[in-house]
Amino acid sequence: MAKFTLKIEDLPRQQRLDLCAQCHSGLRSIVLKGDAFSYATGEDLSQYSKNVDNGSPGQKLDVHGNQYGLLTSSECFKQTATMDCSTCHDPHRKQRGMPLISTVNA
């Protein structure tokens with residue numbers, strides 16, 4: 001393994017969430033440190049920028065919308081200390097059009 005390889009599953013939950021939130025938390029502004037490309041995986045994203053979520057429920061949902069906000073406000077997320085984006089989503093596999101929950105007929 002390379003000297004600087006980072007295993008995502010070894011990161012604390014918030015750092016795993018920050019990795020996805022960098023692109024999937026809607027508009028981010030109020031830049032605090034560096035620029036959009038200075039954040040590195042494993043750092044605290046809130047030290048770099050803040051989320052600007054206007055909370056408009058009528059907004060059309062898109063892949064780069066506030067997915068982080070939707071996840072963290074869900075009851076499933078609130079009731080577990082381990083759930084993160086990859087609990088239901090595999091970022092290394094094309095999943096467009098696939099159901100989130102599959103059922104098996106007995």
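**Exercises on a predicted structure**

E9 is exposed, its relative accessible area being 56%. This residue opens a set of exercises on a predicted model.

**Exercise 1.** Determine which residue pairs with E9 in a salt bridge, and classify that partner by its accessibility.

*Solution.*
Step 1. The general principle is that side chains of opposite charge can pair when their charged atoms come close.
Step 2. The partner of E9 is K7, and the closest N and O atoms of the two are 3.9 Å apart. A salt bridge requires such a distance to be within 4 Å, so the pair K7 and E9 qualifies.
Step 3. K7 has a relative accessibility of 38% and therefore counts as partly exposed, whereas E9, at 56%, is exposed.

**Exercise 2.** State how many salt bridges the structure holds, and describe the one formed by R16.

*Solution.*
Step 1. There are three salt bridges in the structure.
Step 2. R16 is bridged to D84, with 2.4 Å between their closest N and O atoms. This pair joins distant parts of the chain: R16 lies in helix α1, D84 lies in the segment after α3 (75-78), and the two are 68 residues apart.
Step 3. Buried means under 20% relative accessible area. R16, at 16%, is therefore buried, and D84, at 7%, is buried as well.

**Exercise 3.** Explain how K78 and E75 are placed in helix α3, and say whether each of them is exposed or partly exposed.

*Solution.*
Step 1. An α-helix has 3.6 residues a turn, so residues three or four places apart point the same way.
Step 2. K78 and E75 are three residues apart in helix α3, so about one helical turn separates them.
Step 3. The two residues form a salt bridge, the closest N and O atoms being 3.7 Å apart.
Step 4. K78 has a relative accessible area of 52% and is therefore exposed. E75, at 49% relative accessibility, counts as partly exposed.

**Exercise 4.** Check the span of helix α1, then examine the surroundings of D18.

*Solution.*
Step 1. Helix α1 has 12 residues, which at 1.5 Å a residue should span 16 Å. The expected span is taken as 1.5 Å times one less than the number of residues. The end C-alpha atoms of α1 are 16 Å apart, so expectation and model agree.
Step 2. D18 is located in helix α1, which covers residues 13-24. The buried residues of this helix are R16, L17, D18 and A21.
Step 3. With 6% relative accessibility, D18 counts as buried. Apart from its neighbours within four places in sequence, D18 contacts Y39, E43, D44 and L45.
Step 4. Just after α1, G26 has a positive phi of about 75°.

**Exercise 5.** Outline the whole protein chain and judge where the prediction calls for caution.

*Solution.*
Step 1. The protein chain contains three helices and two strands, arranged along the sequence as α-β-β-α-α.
Step 2. The chain has 106 residues, of which 15% count as buried.
Step 3. The average pLDDT of the protein chain is 74, and 66% of the residues score at least 70. Confidence is highest in α3, with a mean of 91, and lowest in strand β1 (residues 28-29), with a mean of 64. Over residues 102-106 the pLDDT is below 50, and this stretch has zero contacts in the model beyond near neighbours in sequence.
Step 4. Where pLDDT is low, the predicted coordinates should not be read in detail.

Definitions and conventions
Residues are numbered from 1 along each chain as its sequence is written. This is a predicted model: local features need pLDDT of at least 70, side-chain atom pairs count only at pLDDT 80 or more; totals for chains, interfaces and linings use all residues. Side-chain values use heavy atoms; hydrogens and water are left out. Helices (H or I, at least four residues) and strands (E, at least two) are DSSP runs, numbered from the N terminus. Buried means under 20% relative accessible area, exposed over 50%, partly exposed in between (1.4 Å probe, protein chains only). Contact means heavy atoms within 4.5 Å. A salt bridge is a side-chain nitrogen of Lys or Arg within 4 Å of a carboxyl oxygen of Asp or Glu. pLDDT is the predictor's confidence in each residue, from 0 to 100.
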